[in-house]
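Have the viewer open and follow along.

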There are 2 protein chains.
Amino acid sequence: MQKRHDLTAFFSPSSIALVGASPSAGKISGIILENLRNSFKGAIYPVNPHYNEVMGLRCHPSIEAIGSPVDLAVYALGAESVPEAILNTGGNAAGAVVVSGGFAEAGPKGVLLEKALKDAARSTGIRVIGPNCLGIYDAVTGLDTFFVPRDRVRRPGRGTLSIISQSGSFAATAIDELATDGIGVARVVSYGNKSDVDEADCLDFLAEDPETKAVAIYVESIEDGRRFVESAARCSAIKPVMAVKVGKSASGISAARSHTGAIAGSYEIYRAAFRKAGIIELNGYEDFLVACKAFGLTSGAAGKRVMIITDGGGMGVNVADECIAAGLTVPPLPEELIEELSAAFPPYFTTGNPLDLTGSATDESFAFALSKTMSGDYYDMVIVAALWGPPALTDNLPGMLAQKPGFNEKPIIACTPGGAYSRERIRLFHEAGLPAFLTPEAAVTAACVLSKRQGRR
Amino acid sequence: MQKRHDLTAFFSPSSIALVGASPSAGKISGIILENLRNSFKGAIYPVNPHYNEVMGLRCHPSIEAIGSPVDLAVYALGAESVPEAILNTGGNAAGAVVVSGGFAEAGPKGVLLEKALKDAARSTGIRVIGPNCLGIYDAVTGLDTFFVPRDRVRRPGRGTLSIISQSGSFAATAIDELATDGIGVARVVSYGNKSDVDEADCLDFLAEDPETKAVAIYVESIEDGRRFVESAARCSAIKPVMAVKVGKSASGISAARSHTGAIAGSYEIYRAAFRKAGIIELNGYEDFLVACKAFGLTSGAAGKRVMIITDGGGMGVNVADECIAAGLTVPPLPEELIEELSAAFPPYFTTGNPLDLTGSATDESFAFALSKTMSGDYYDMVIVAALWGPPALTDNLPGMLAQKPGFNEKPIIACTPGGAYSRERIRLFHEAGLPAFLTPEAAVTAACVLSKRQGRR
């Protein structure tokens, strides 16, 4: 291998072999085959000596029997069969995804199996993602080895955010949330026990990947800290990189060890590494999702000055409180803007920061307030806390906020708390390109992580 | 008035006059009339000298003209007309809800109007809720003066949680969320500028209200601190009382002043008052909603010891981290339980705390793990972090978890992160009586607030 981080075969294969294919739709291999057939455009070869045909596709007794090498082989076999299967693959596959569990995370016998897997990979020259992982979901190429059914775990459309995750369930849950909320992704990798490909390899690939504009990382453990920091620093010099490290507490550390066989280590060491690598630190699941939505749609704020525009006084106060608690600032509205806005608005609107348009708010009043407060150099971003009670607000609001010219560089974050009606409107904001959240806390977290990428666009 | 806090007329009126009724459905009075007709069982009298009929109901020129006193009069008039209207009502109404804005929150002229309103109330003996409020939503009696349309702001069914809120938009957004998630309420009061009835009056009423099992308070300001602490302490001696105070920061305080004309004051004073009154302090909107769901369905935990059962290793680690960060404990699984569970479960389940049932989880394995870990005195509550990727899980899970006998006293909190499929399952958990949340953070916040009511049941 010339470039250790050339993972192209994993993300853009033109052919895939599924080793362990079976006609049983409920089995892991059946779910993978169905997902591949749903979205992957290249050639798909089921491999299993026990069948001649699987789901209408010709089934081959071995990868060698396909007749030409494949770019990617996916192994859905019992752990004990995997090392031999890799050896038998020989030079007939460039990359391997091993989704099977039962390796280092499963005790002494599994540790030996994982060593055998590593040896097989090394001797054949096959790069391996996994074992104990979901593998790859790639919205650019349609590759999908995630063995979770699509009716339970939705797949996002094409976007510019890439995710790398040690935990498969975390990755699956995250893409399900993003898909439901209408946020797209580029590449998603669940790499599990990382017997070969690890987070540093993925970062090297994603740094140079033109489809990827931001990277979110979930880690439980990092073994080669120096290499990770180097790769992450290279990547974060080009595009935002953010990370959550779980297994912070003793209980969490011990659970993480059982989970992927990894030693989680002290959280302080990780924080220092993140800082050194220019990684934006995220605190947990909620932060991770918020940051994915924020950087999935925008690219960072130039500073910490937040303008708040609302139609619900109480909600505006709440957002202001959260901003201050999070270390952002809520500078008062400058005199000239107070004059201009007071002249245009009825006297019962509160022309301050927060700016309260009250229950008489209209789409136009929101858009006007936004265009005025975002012009000049008063604020770095705006949180629009829109409650839908005011009857004059319409579904045109998100589009009107997004189309105001002249502040493309300043993120506009929507905060739209409430029940069914508000929740359905989240997608409208996302379709307009504005990250939108159901709570003041989440909107302010978004503002906060965006402000950590200041000056780096 | 014998008992200053006898607010019965506000919540259980047998007759209501709507002063300022108009045939225009989009106007505030039109929305109120429609909502009253939808759910209120008593007599409804539109009052407006300009109409003979409104929405098919006979319209009266004045309250006096109705012919007999009403229990409650709702005023949807311009602020400048309200004081005189109250005076004209004379002794013909026991209580008044003034939804109109334009009083103390709107500058010097409004301050004078609010004083005139107070004088009118005092001279006529009418108790007043408002002005600048939404008034009352009462799921017990069907009374609904919230002038927000029901297609935008859903109304919860009947439950046992009552909410009192200085902010109308906050109250409306909260009930919309609760309704959407299937959590019921008893009484909800938006009291706005509190020219007469304030939070202490409401607490006095709710303390003795048999329909109310828990009380959640949103305040921006409290003027009579001593009376508030006395009333809250009386109430919290009987049932859980929790409160969020917004306007903590300077920006927030200034916004709160514009919002309801109130001086918000230092947050430390409020915290001390909350502590003295036995009130559970909530940090903001997200906390408020979580606490409403938690105490809307359960009644507190005896301690801080959390057991975590999951089918997604990474999510279990996340929940453990959040528990520790929140000051809860995640005690290891005792030896005897490890033995018992290891004997019953396959070897690749991780029998610790968190207990990881992996992607092979079934409804039965969750229920079995729950019944074993909740027996004995090992844990005070359990967080079930259920991801829906594992194909064997069914919609029977919430019911099976709820029906396990013997741990009624120990809250079971569901954490079920994800997209559409998970979000739809939130209601199943709530129907089974288990508070359920979309993030580890929210589930742990719920555990945390429930642990603050230990020993008080």
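## The core

Of the 327 residues in the largest nonpolar core, the ones touching the most other members are A:Y75, A:V384, A:A447, B:Y75, B:V384 and B:A447. A nonpolar core here is a set of buried Ala, Val, Leu, Ile, Met, Phe, Trp, Tyr and Cys residues joined through C-beta atoms within 7 Å. Buried means 20 or more other C-beta atoms within 10 Å of the residue's own, exposed means 12 or fewer, partly exposed is in between, and the C-beta atoms are placed from the backbone. In soluble globular proteins, nonpolar side chains tend to be buried together.

Contact means that the C-beta atoms of two residues, placed from the backbone, lie within 7 Å.

## Ground rules

This is a predicted model, where local features need pLDDT of at least 70, side-chain atom pairs count only at pLDDT 80 or more, and totals for chains, interfaces and linings use all residues. Residues are numbered from 1 along each chain as its sequence is written, while chains are lettered from A and ligands numbered from 1 in the order in which they are written.

## Two copies, one axis

How do the chains relate?

The contact takes 64 residues from chain B and 64 residues from chain A. On the chain B side, the elements giving two or more residues are helix 5 (168-181), helix 8 (250-260), helix 10 (285-297), helix 11 (313-325), helix 15 (420-431) and helix 16 (440-451). Helix 11 of chain B gives the most, with 10 residues. Helices (H or I, at least four residues) and strands (E, at least two) are DSSP runs, numbered from the N terminus. By class, that side of chain B has 25 nonpolar, 27 polar and 12 charged residues; Ala, Val, Leu, Ile, Met, Phe, Trp, Tyr, Cys and Pro count as nonpolar, Asp, Glu, Lys and Arg as charged, and the others, Gly among them, as polar.

## A six-stranded mixed sheet

In chain A, six strands form an open sheet in the order 15-16-14-17-18-19, with mixed pairing. Two strands pair if DSSP finds at least two bridges between them. Strand 15 (350-351) and strand 19 (436-437) of chain A are the edges, each pairing on one side only. Strand 14 (residues 306-310) and strand 17 (residues 381-385) of chain A run parallel, joined by five bridges, and A:I308 stands opposite A:I383 in strand 17.

Helix 11 (residues 313-325) of chain A packs on this sheet, touching strands 14, 16 (355-356), 17 and 18 (412-415), and its direction makes about 165 degrees with that of strand 14 of chain A. Axes are lines fitted to C-alpha atoms, for helices over the stretch in contact, and angles run from 0 to 180 degrees between N-to-C directions.

## A five-stranded parallel sheet

Chain B has an open sheet of five strands in the order 2-1-5-6-7, with parallel pairing. Strand 2 (43-47) and strand 7 (127-129) of chain B are at the edges with a single partner strand each, so one side of each is left without a neighbour in the sheet. Neighbouring strands are turned by 20 degrees against each other on average, direction ignored. Strand 5 (residues 70-75) and strand 6 (residues 93-98) of chain B pair in the parallel sense over five bridges, and B:V70 has B:A93 as its bridge partner in strand 6.

Which peptide bonds are cis? One of them runs from B:G130 to B:P131, with omega near 0 degrees, and B:P131 is in the loop between strand 7 and strand 8 (135-138) of chain B. Another joins B:N353 and B:P354, with omega about 5 degrees.

A:K194 is not a glycine, yet its phi is positive, near 40 degrees. A:K194 is buried, with 25 other C-beta atoms within 10 Å.
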